[in-house]
Amino acid sequence: MNNRRVVVTGLGVVSPNGTNVSLFKEALRKGVSGIRYIDELKSLNFSCQIAGKPEYKKEYLNNYFNSIQLKGLNASGLEYGVIAGLDAWRNAGLELIDKKDNPLWDAGVIFGTGILGVDKFREAIYKVDDGNVRRLGSTSVIQTMASGISAYLGGIIGCGNITTTNSSACSTGTEAILMAYDRITQGKAEIILTGSTSDSGPYIWGGFDAMRILPHKYNDNPTVASRPMSATASGFVPGSGAGALVIESLENAQKRGATIYAEILGGHVNSGGQRNGGSMTAPNSAAVKQCIKQAVINSGINNNDIDTINGHLTATTKDVVEIENWCSALARNGKEFPYINSLKGLVGHCLAASGSIESVATVLQLKEGFIFGNKNCEDLHPEIEAMIDKERVPTKTILKPINIAVKASFGFGDVNACIIFKKYS
C-alpha cells in the first residue's frame, strides 16, 4: 500500500439521462431513464431499435470547441469526452492556461475509449473510394485516432504530464481511473483528468445487434427494456456518452482549497486469460473473484466495510453469475450482502464509457448520501433472490449515508477492473 492519499475533486458527465452532473444526479435520484427509440435503427433493419444516446443541440459545442476544431467535426465520442472532461476540470476549480505559458508539468490526462470517430471513418471511406482524398480535411486523422480524445483534452487544458488513452472494452473507464490513481500515488503527477468515452450510432451498435444480445421486444416501450438482475431481462440496451473525474493528491487538493467529492482507497485490474470458462465475450469467474478480493486488500479495508456496490450487471444471463462472484469474493450473502445497483437500467450499456459514467454515479452517491434504485427490477431474478436479500436490491432511491462504495467493470476480452471509493472526511 502507498500512503499518498488520492481524492476526487471534479466530476463531468455526458449521459443519455443527463448531459451535465446536475441533470445526471437528478435523474439518478428520480429514476429517470435516458433510453429512447431511435428511428434510424429501424430504417437500418436493426432488431433492437432503442438505445441510450445523449441529447444536446449542436450549438452547445461552442462552449467546448473553437471554430477551427468544429470545422468538419463528426465524432460523437470525441464530443462527449471533451464536454465531460472540460466540465470536470472546471468543476474542480481549475483553469485552462494560456497558449504562451509553459505546460502544467504535474497535470496529465488518462482518458479511454473503445473506438473513436466511427462516423468520421465512414465519411473518409466514402471520399477515398470516390477518389476525393483531398476532400477529407485536415482533422480526419485526429478525429479517428484512439488517442484523439486525450490529445484534445490535454491540448485544450495545457497538460504537460502523461497524456494517453487506454482501451479495455467495458473495463476501460474503471481501468483509466486506476491508472491515474497509480500515477499519483507513485508521485509522478499531482492532478490527472481521467475517464472514458464511447461513440454512438449504428456503426457501433450494429455488431451487438448481429450477435443477438440486444433486446428486441421493447421497441415500443424503450424505458422498460434494460432490466439488470430481473427475471425478465433479455439482453443489454446499447448506450453511449462519457464520464470524467479529476483526481489528485490530497496534499495538492488541500493546498488549493478544492472541494473533495470522495477518496480513492485503491483497486485492482486483472485478466482471466480466457481460461477456465473465460472467453473473448465471457468472464472467467475465478479472475473476477480474484480482482474483487485483491481490490479489497489493496485498499486496506475488510469485506464487511463495504456499504454498496455498483456492479457491471448488464441485464444478461451473466447477472446471476456476477452476483455469485460477489457473494463468494466478499463472503457475504443474504441480509449481510451490501446494497447493490446497476446504472444500466437507466442509461443502457455505454460500452467503453460505462465504467467512468458509473464511477461518477458512485461518487455522487457517496457525496450526497443516497443509493439510486434499480430500474425495472421489481421482478428480481429468483436465483439472485436465493443468494441475497431482496431489500439489498432497491428499486427506489434510498436516502442513506454511505462510507465505502465499490465500482467494478468486467469487459470483453476477459478483463476486469475494480475500484474502491470512500466518503472523504
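At what angle do helix 1 and helix 14 pack, and how far apart are their axes? Some notes on that and on the sheet.

1. Before anything else: this is a predicted model, where local features need pLDDT of at least 70, side-chain atom pairs count only at pLDDT 80 or more, and totals for chains, interfaces and linings use all residues. Residues are numbered from 1 along each chain as its sequence is written, and side-chain values use heavy atoms, with hydrogens and water left out.

2. Helix 1 (residues 21-30) packs against helix 14 (residues 354-368) at about 75 degrees, the axes being 11 Å apart. That makes the two roughly perpendicular (65 to 115 degrees). Axes here are lines fitted to C-alpha atoms, for helices over the stretch in contact, and angles run from 0 to 180 degrees between N-to-C directions. Helices (H or I, at least four residues) and strands (E, at least two) are DSSP runs, numbered from the N terminus.

3. On the helix 1 side, V21, F24, K25, L28 and R29 meet I357, V360, A361, L364 and E368 of helix 14 (contact means heavy atoms within 4.5 Å).

4. Now the sheet: it is open, has 10 strands in the order 5-4-6-7-1-8-14-13-9-10, and its pairing is mixed. Two strands pair if DSSP finds at least two bridges between them. Strand 5 (163-164) and strand 10 (339-341) are the edges, each pairing on one side only.

5. Strand 8 (residues 262-271) pairs antiparallel with strand 14 (residues 415-422) over eight bridges, and G266 sits opposite I420 in strand 14.

Conventions: Parallel < 35°, antiparallel > 145°, perpendicular 65-115°, else oblique.
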